[in-house]
Amino acid sequence: MRRMPVTVADTGDFKKSMGLWQLVALSLGGLVGAGVFSLAGVVANEVSGPAVLISFAIAIVASGAAGLCYAEFAGMVPKAGSAYTYSYVALGEIIGFMIGWDLLLEYTAIVSVVAIAVSGYLNYITHYIGFDLPTWALGAPGTGDGHKVDLFAVLLCLLLAFLLSRGTRESARVQTGLVALKMVIVAVVIVAGAFHIKAGNYTPFFPFGVGSAVSGAALAFFAVYGYDAMSAAAEESKDGKKLMPKAILISLGIASVVYLLVCLIIVGMVNHTDINVSSPFSSAFDTVGMGILGLVIAVGAVVGVTTSAFANMLAVTRVGFAMSRDGLLPSYFGKSSERRKVPTRVIWPVGIVSALIAGLLPIREAAELTNVGILMAFIVVAVGVIRLRKTRPDADRAFRTPWVPVVPLIGIGFSIWLISHLDMITWVRFVIWLLLGLALYWGFGYRNSKLNEPAS
């Protein structure tokens, strides 16, 4: 089976403009976003109740085990493409293609989920100041009477595509500033919310049964793997081999603490049945007589949650670019802008598709669309670490995953467990997408791959 070599020459397709803290900011942009400002409320209200704490704890353990595997690959193969590139190196071309194809859908759907979350807060803000969009523009079909499209979500996706098309250095500066603002807002939420916790809101702890905590973890999981998106931008790091593993570990540690505290606050402030899933924290502070703070949080959430969509849109464009550069997708998409050194030919199609998903699907359906593929990618990366430890023990590793194969096996086990709790419709969509990918690989990618050897 054809495999990409562990050591690949730098093609010079991207500007190397990101240092450690810009990488951490990019990772936190993906890690701390819709999960804090929206999805934690959705899981608590609809799936787990106060056991949302357990849901996120399970997701964090699974994500942490996988994150250590990503850190090893990031320090060994600092190339664009994330799990696509790692699986290509470790397990071969067809598996690499399928993971890459999978990530194209998953990351695009994540962008859409986050855009929907931002839209909920924008609607909260406009309603607060006395301006409401027409009913048809307030949400996707089925989310309310007369709803036709989520207009704010559509516009945000297109705005992000424009920002990314301006260049890595410029967009990274904006991202870093927005992440800093977001973390300040999150700190305000935690500190201010702690004074309004009511112990009675934590009981019953498992209102939907113990199994609901696992189901909630499967839904919450997509909120805690932003480092994956950051690893797709490895070629834009000033020193990928050294900085990428550090950025993954730092950001994952910060995000883990933040999520557990945020879950503790939201179900402590408001009974889980009364959580407003569109704008959980703004509404929660409104109910305790702190409407002004709720408005500030809503404004901060709009700015801050946008960083999550930014990180994932950047990731999907880099995966698509890497696959095209390797010959597995049409070469048209594998050329970066001569002036700005960004893959604009991928950015705009991604922006348009994510806008369509955000405008026409409810947040939960869009979120469920993301999880199977990301979990599959985590399994493949963990398997890849185990395999390369045996086949390439001599490879230069800037970071080594501890306790191999135990840690990768933990990540694999949790991922399989979480996958088993996803809805059947999620599997149906995933299988259809994979079948389309297989047809594309055998019809185009196999023959056009840069690793294709001439017939003897």
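This short talk walks through the salt bridges, helices and one surface patch of the structure above.

Hi everyone. A word on the ground rules: this is a predicted model, where local features need pLDDT of at least 70 and side-chain atom pairs count only at pLDDT 80 or more, while totals for chains, interfaces and linings use all residues. Residues are numbered from 1 along each chain as its sequence is written, and side-chain values use heavy atoms, with hydrogens and water left out.

Let's start with salt bridges. By salt bridge I mean a side-chain nitrogen of Lys or Arg within 4 Å of a carboxyl oxygen of Asp or Glu. How many salt bridges does that rule give? The count comes to 8.

One of them joins Glu93 and Arg2, with the closest N and O atoms 2.4 Å apart. Glu93 belongs to helix α5 (residues 93-128) and Arg2 to the segment before α1 (20-31), so this pair ties together parts 91 residues apart in sequence. Helices here are DSSP runs (H or I, at least four residues), numbered from the N terminus.

Are Glu93 and Arg2 buried or exposed? Both are buried.

Next, look at Arg325 and Glu235, whose closest N and O atoms are 2.6 Å apart in their salt bridge. Arg325 sits in helix α12 (residues 291-325), and Glu235 in the loop between α9 (226-231) and α10 (240-269), so the pair ties together parts that are 90 residues apart in sequence. Arg325 is buried because its relative accessible area is 15%, and Glu235 also counts as buried, at 2%.

Now for Lys241 and Asp396, a salt bridge with its closest N and O atoms 3.6 Å apart. Lys241 is in helix α10 and Asp396 in the loop between α14 (363-391) and α15 (406-419), which puts the partners 155 residues apart. Lys241 has a relative accessible area of 26%, so it is partly exposed, whereas Asp396, at 52%, is exposed. There is also a network of salt bridges linking Glu72, Arg389 and Arg397.

On to the helices. Please find α4, residues 83-91: 9 of its 9 residues are buried, so this helix is largely enclosed by the rest of the structure. Among those buried residues are Tyr84, Tyr86 and Tyr88. Just after α4 comes Gly92, with a positive phi of about 110°.

How do α5 and α16 cross? The axes of α5 and helix α16 (residues 424-448) come within 10 Å, at a crossing angle of roughly 130°. Axes are lines fitted to C-alpha atoms, for helices over the stretch in contact, and angles run from 0 to 180 degrees between N-to-C directions. That angle makes α5 oblique to α16; under 35 degrees would be roughly parallel, over 145 roughly antiparallel and 65 to 115 roughly perpendicular, with the rest oblique.

Last stop, the surface. Leu158, Leu159, Phe162, Trp348, Ile352, Leu356 and Leu360 make a nonpolar patch of about 660 Å². Patch residues have over 30% relative accessible area and no salt bridge, and nonpolar side chains (Val, Leu, Ile, Met, Phe, Trp, Tyr) are joined within 5 Å, like charges within 9 Å. Areas come from the Shrake-Rupley method with a 1.4 Å probe, and for residues only the protein chains shown count as cover. Helices α6 (151-164) and α13 (344-360) each give two or more residues to the patch, and α13 gives the most, with 4. Phe162, in α6, is partly exposed because its relative accessibility is 43%.

Technical notes. Buried < 20%, exposed > 50% of the residue type's maximum accessible area, 1.4 Å probe, protein only.
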